[in-house]
Amino acid sequence: MARSDLTLPAENLIEQSIDGFSLVVRTGPDASKRVTASGAELSIGTDPSNDLVLTDPRVSRHHFSITATQKGFLLRDLGSRNGTWISGTNVETGYVSDGATIEVGHTALRLEKDRAITEALSVEPSFGDVLGSSEAMRRIFAVLPRVAASESTVLIEGETGTGKGLIAQAIHRKSARAAGPFVVLDCTAIPPTLVESELFGHVAGAFTGAARDRTGAFELAKGGTIFIDEIGELPSEMQPKLLRALEERTVKPVGGTRRVELDCRVIAATNRDLRAEVNEGTFRADLFYRLNVVRLRVPPLRARRDDVIVLAKHFYAELTGGKAPPAVLLSSLVRQSWPGNVRELRGAIERALLLEDLGSVLDDAGGGPPTERAPAAPAMGSRGFDPSIAFREAKAEATAEWERWYTGELMRHCEGNLSKASRIVQMDRSYLRALLKKHGGGTTED
């Protein structure tokens with residue numbers, strides 16, 4: 001997850017032991033090689049950055065990883081060229097038992113249970129605004145204080161909606177740079193031709209439409225933190241330019257001649273596993289290594305169901321002025337899979353309260369998000385009761401009509417400024433952008 005020395009003071013931690021493991025190379029060019037896990041994860045591949053480095057040419061640079069968990073030893077193939085095989089089965093993700101033989105390329109490895117690994121868990125169920133009582137989150141909370149206190153570059157990985165941006169904000173707010181700006185650059189929201197200008201700025205006349213000088217995100221973040229969201233979407237031609245900026249700590253605006261000294265901390269996030277992207281050649285290995293100083297992997301909500309109750313109570317109280325959610329609602333929420341993670345959970349609670357209808361959540365217990373249905377007619381009370389329209393269709397129309405009104409009023413209030421609007425209503429920028437796109441609203445990105 002992160003460097004092992006980045007932990008809380010002892011009085012804020014509890015220790016937990018889990019089974020450790022070793023990997024022994026049985027056959028192949030590296031036969032008899034052995035590595036024992038000192039932390040929860042071991043990575044295997046031909047790249048020197050791996051814990052177990054193999055020389056087999058049929059093994060990928062980042063081939064697979066094994067993580068010790070309370071449930072067992074979790075194997076994840078990292079998008080390898082030739083796959084990871086157990087007993088003749090190609091395995092992408094799965095638990096591996098003691099004594100199992102793992103085959104990669106021309107190499108066979110044996111997993112052996114070994115001495116216990118001691119993990120540090122925070123005693124606190126939060127870090128800043130980030131909430132979680134699960135072991136997975138308290139493991140992250142254990143390292144975040146020292147991560148925040150350092151100047152190290154941080155890479156946050158996790159599915160969309162898991163709260164990567166909130167963790168980045170929490171790191172910034174607990175850091176020595178808290179008084180400085182927190183500048184967000186969302187790589188999914190910028191046309192490829194404008195990424196360089198957004199990052200580094202430009203001078204007037206640098207390209208068609210550049211009527212005046214523009215300060216880039218790196219320079220705007222002076223004294224603070226730049227958060228590069230979804231960095232896995234960064235165009236390949238921009239990757240060496242970003243790498244140079246990170247290494248030299250200077251940037252040059254597009255069309256300019258002067259170089260600007262950087263004074264900001266860099267945090268990046270992605271919903272992809274960049275090791276797999278390196279294998280595929282879509283992400284530069286040297287840029288990955290430069291970003292991967294401290295790596296935090298945020299698990300999906302379905303893997304930390306203990307957090308559903310904590311988050312649901314928080315969102316419900318936030319939206320109702322402190323009220324507690326009904327027990328039947330909490331019971332239903334825990335049973336759902338939440339493919340959209342924390343963001344989807346908040347949206348479901350907001351929808352239920354908006355429509356004064358817990359059924360909008362309860363009806364979908366055990367599944368994913370509610371089924372999308374085409375709206376039959378304008379709603380929100382603008383037409384009378386029509387028994388020919390199904391309840392859920394009418395409800396979906398009412399929600400869409402209210403969303404259209406609310407986002408329209410919000411963006412008019414903020415003069416089209418997406419960042420300002422998301423801050424005012426405490427809504428994730430990506431979610432707000434999706435609502436605006438859905439309802440045809442316009443924004444500016446400043």
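This dialogue reads two features of a predicted model, residue S134 and strand 14.

Residues are numbered from 1 along each chain as its sequence is written. In this predicted model, local features need pLDDT of at least 70, side-chain atom pairs count only at pLDDT 80 or more, and totals for chains, interfaces and linings use all residues, while side-chain values use heavy atoms, with hydrogens and water left out.

Q: Where is the place of S134?
A: Helices (H or I, at least four residues) and strands (E, at least two) are DSSP runs, numbered from the N terminus. S134 lies in the loop between strand 13 (130-131) and helix 1 (135-149).

Q: Does S134 count as buried or exposed?
A: Buried means under 20% relative accessible area, exposed over 50%, and partly exposed in between (1.4 Å probe, protein chains only). S134 counts as buried because its relative accessibility is 4%.

Q: Which residues does S134 touch?
A: Contact means heavy atoms within 4.5 Å. Leaving aside residues up to four places away in sequence, S134 touches R304, D306 and D307.

Q: Which way do the residues of strand 14 point?
A: In a regular strand the side chains alternate between the two faces of the sheet. From strand 14, V154, I156 and G158 point one way, and L155 and E157 the other way; all are buried.

Q: In what sense do strand 14 and strand 21 pair?
A: Two strands pair if DSSP finds at least two bridges between them. Strand 14 pairs with strand 21 (residues 265-270) in the parallel sense over four bridges, and the partner of E157 there is T270. With strand 22 (residues 294-298), strand 14 pairs in the parallel sense over five bridges; in strand 22, E157 has R297 as its bridge partner.
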